[in-house]
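This briefing concerns the ligand site and the pockets of one protein model.

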Amino acid sequence: MESSKNRYPSVKEINDYDRIRIVKEIFSTITGKYDFLNHFLSLRRDVAWRRFTVEQMRFFNTYRFLDVATGTSDLAIEAALQYPDIQVIGLDFVRQMLDQGMKKIESKGLSTRIDLIKGDALHIPLPDKSFDAAGVAFGIRNIPDKIRALTELRRVVVPRGQVLVLEMTFPRIPCFRQFYDLYLNRILPLLARVFSPNPDAYYYLGESIMNFPSVKGFALMMKDAGLVDVEVYTLTLGICHLFIGHKP
Ligand SMILES: C[S@@+](CC[C@H](N)C(=O)[O-])C[C@H]1O[C@@H](n2cnc3c(N)ncnc32)[C@H](O)[C@@H]1O
């Protein structure tokens, strides 16, 4: 059997073009099991993290929310459920993820409130200042040019609008760091081998978490992208963080 490390090279060894190609391949092959594995591997913490993120949103002008890298649309759905007056757009560049998302949206009777479009976070095909809030959950770590993605998110929100980024991070607490390292690099790939149609993907995803910038470093990137009053929320011992920046 081909070794996992051979199938997806280290994040550090590849250029941006290959990284994007791999991300597209990964998310088009794990689609069917993506929700189950997300909930299972995070002990359903992912659901609580998205709920918390949506609770921080403020709608005051356009009453529209954009969910970039929407995947199977969980953040979009949570926003539509928490705020019955808003309209939501979800954007992703993997058709299979959007198809799965659409099934969930239809089953929850939200088709008139959530539209899904295929597109790239680096070239959002939507006008400036068209949303009160734009967010990305567990997507920014897969985007090599993070400042450009953040700049696009800033472009599409109204002045005083929010850019929300929810992302997995490597914890700082010493002993927990070691345990989490073991979890990401040994336990997670083993569990994925049992449950996922593409277990190799989980080596790559684990590595992408370890290579995500520090919390301070990412907050600085948000400022570099022109966002102000950046707030940082530490979730579940630092394995996840929510960053909220505002458009001046
Ligand atoms: C880990 S999933 C997260 C999905 C969802 N936001 C969630 O909360 O579960 C990452 C998603 O980001 C998408 N993605 C990555 N880079 C992207 C880009 N440049 N433009 C659009 N979507 C992208 C992938 O296709 C995938 O569906």
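A nitrogen atom of the ligand is 2.8 Å from a polar backbone atom of A69, a polar contact (a pair of N or O atoms within 3.5 Å). The model is predicted: local features need pLDDT of at least 70, side-chain atom pairs count only at pLDDT 80 or more, and totals for chains, interfaces and linings use all residues. Residues are numbered from 1 along each chain as its sequence is written, and side-chain values use heavy atoms, with hydrogens and water left out.

**Ligand contacts**
- Oxygen atoms of the ligand lie 2.9 Å from a side-chain N or O atom of R50 and 2.6 Å from a polar side-chain atom of D92.
- The protein buries 98% of the 590 Å² that the ligand exposes when taken alone (Shrake-Rupley method, 1.4 Å probe).

**Ligand shell**
- The ligand is surrounded by 18 residues, with Y34, R50, A69, D92 and A137 the closest; a residue is near if one of its heavy atoms lies within 4 Å.
- At least two shell residues come from each of α2 (16–29) and α3 (31–41), where helices are DSSP runs (H or I) of at least four residues.

**Largest pocket**
- The largest pocket has a volume of about 550 Å³; a pocket is an open set of points on a 1 Å grid over the protein atoms alone, with protein on both sides within 12 Å along at least five of seven lines, and lining residues have an atom within 4 Å of a point.
- Its lining has 28 residues, with L41, S42, M168, Y183 and L188 nearest the centre.
- Helix α8 gives the largest share of this lining, seven residues.

Definitions and conventions
Polar contact = N/O pair within 3.5 Å; in protein donor to acceptor, adjacent residues only side chain to side chain. 1 Å grid on protein atoms, 1.4 Å probe; cavity = no way out; pocket = protein on both sides within 12 Å on 5 of 7 lines; lining within 4 Å. Points joined across faces, edges and corners; volume = space filled by probe spheres on them.
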